[in-house]
Amino acid sequence: MNPFVIKGYKGPQFFCNRIEESEWLVNAIRNNQDITLYGYRRLGKSALIQHVFRKLEKEYVCIYTDIWGTSNAEEFTRELANGIIKSKVFSKQKFSEKMVTFLKSIGASFSIGIDGLPSIDMIYRDRKNIFGNLEEIYHFLNQLKIRIVIAIDEFQEIKKYDNQSPFEGKLRALSQQSQNIVFIYSGSEQHLLNDIFTKYSMPFYQSTRMVAIEKIEKKVYFDFIIKHFRKAKKEVNHEIVDYILSISHQHTYYVQAIANFLYSLEKQPGSVTEFELLYRDFILEKSVFYSELPELLTKQQFIVLKAIAKLSTISSPNSADFLEVSKIKSPSSMHRAINSLLDKQLIIKDHGSFRLYDVFLEHYLKYI
Ligand SMILES: Nc1ncnc2c1ncn2[C@@H]1O[C@H](COP(=O)(O)OP(=O)(O)OP(=O)(O)O)[C@@H](O)[C@H]1O
Ligand SMILES: [Mg+2]
């Protein structure tokens, strides 16, 4: 198996570092503190949650819910219920009497998958009490009298719900009443999460401990990569590993994906130059994803994006040099272009400099 996992979580041996973060999270959970875990995309939030769940599985029933793409309270409730079914709440029996009672009590219609587990298709809505099913779920979990951790991933999605404000209030009230449950709210769109947790007027104001996930330290990641090559008795050029960490900005997913690519090569390249040639093809394969990009941007935005990609990072876009390469005349036009690229999440501010959010896009724009 390729040890550089690029999908999900495959166990502690394939997981690099995050020792302090894990300890911090475990400690907070053991002390009944709800948590907000945030950080930019693809840095390893979801994997960290799974890693922490692995450490806690003997003490807690761990429930993971991803609410990406849900757009209202019913869909939220459905995903939460699905998370519960997949957890160990119903002990070892795959499909028990208790589970049926639970599904009925929340008005769920479900189908049985090939794994023998039900999955909820929809939850019937009670017109008189739109949060009735959600209350039922919390009630069910509360009366179990076992210790539970619930992670709600992509939590910023609730900001997009139609009846967002009463829903947020209800959720907060239910969470407060759940003495036996610790919550982890996780997500990436920072301004949305900020709205939920740090605005005085909002229900969740200061109700959780906030923790930001950062990059994994370069040296630690370097050793992790070398260790896995050594384990498989594959020779690897250390300069290439160093190079990978540098061109990926240590952005976890990209480090993993490029290391995965390097590991998959039958013959290991002997130098950075040799690696670059192979890597170039790997990036150009992705052109289908990026070919429509120029149509989504103004000409000026695209030129700025490409100029940033060529430089990799830029700390002062208003410098005379950068204005010149971007062919932009005034600092105010530059300001507008930068802001719309930030808005579209095509670039991010990473430790004081701007860079492309999608590292592969950066490399693609460098090569074309
Ligand atoms: N510490 C780690 N060691 C090794 N691989 C990791 C680590 N953290 C994350 N990964 C891998 O990196 C990839 C991205 O991680 P993950 O999906 O957890 O990020 P995320 O922050 O939740 O992203 P998104 O915002 O897109 O949901 C995954 O394939 C995961 O397996
Ligand atoms: Mg995630």
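How many Å separate the centres of domain 2 and domain 3, taken over C-alpha atoms? The answer is 26 Å. This is a predicted model, where local features need pLDDT of at least 70, side-chain atom pairs count only at pLDDT 80 or more, and totals for chains, interfaces and linings use all residues. Residues are numbered from 1 along each chain as its sequence is written, with chains lettered from A and ligands numbered from 1 in the order in which they are written.

**The big picture**
- The protein splits into domain 1 (18-212), domain 2 (218-285) and domain 3 (292-367), with bounds from an automatic or database domain assignment.
- Its C-alpha trace spans about 65 × 55 × 35 Å along the principal axes.
- You'll find 17 helices and 9 strands here; helices (H or I, at least four residues) and strands (E, at least two) are DSSP runs, numbered from the N terminus.
- Of the 368 residues, 33% are buried, meaning that 20 or more other C-beta atoms, placed from the backbone, lie within 10 Å of the residue's own.

**Helices α14 and α16**
- The axes of α14 (residues 299-311) and α16 (residues 331-343) come within 9 Å and cross at roughly 80 degrees; axes are lines fitted to C-alpha atoms over the stretch in contact, and angles run from 0 to 180 degrees between N-to-C directions.
- The two helices are therefore roughly perpendicular to each other (65 to 115 degrees).
- Q300, Q301, V304 and L305 of α14 meet S333, A337, I338, S340 and L341 of α16 in this contact (C-beta atoms, placed from the backbone, within 7 Å).

Terms used
A residue is buried if 20 or more other C-beta atoms lie within 10 Å of its own, exposed if 12 or fewer, and partly exposed in between; C-beta atoms are placed from the backbone. Angles under 35 degrees count as roughly parallel, over 145 as roughly antiparallel, 65 to 115 as roughly perpendicular and the rest as oblique. Two residues are in contact if their C-beta atoms, placed from the backbone, lie within 7 Å.
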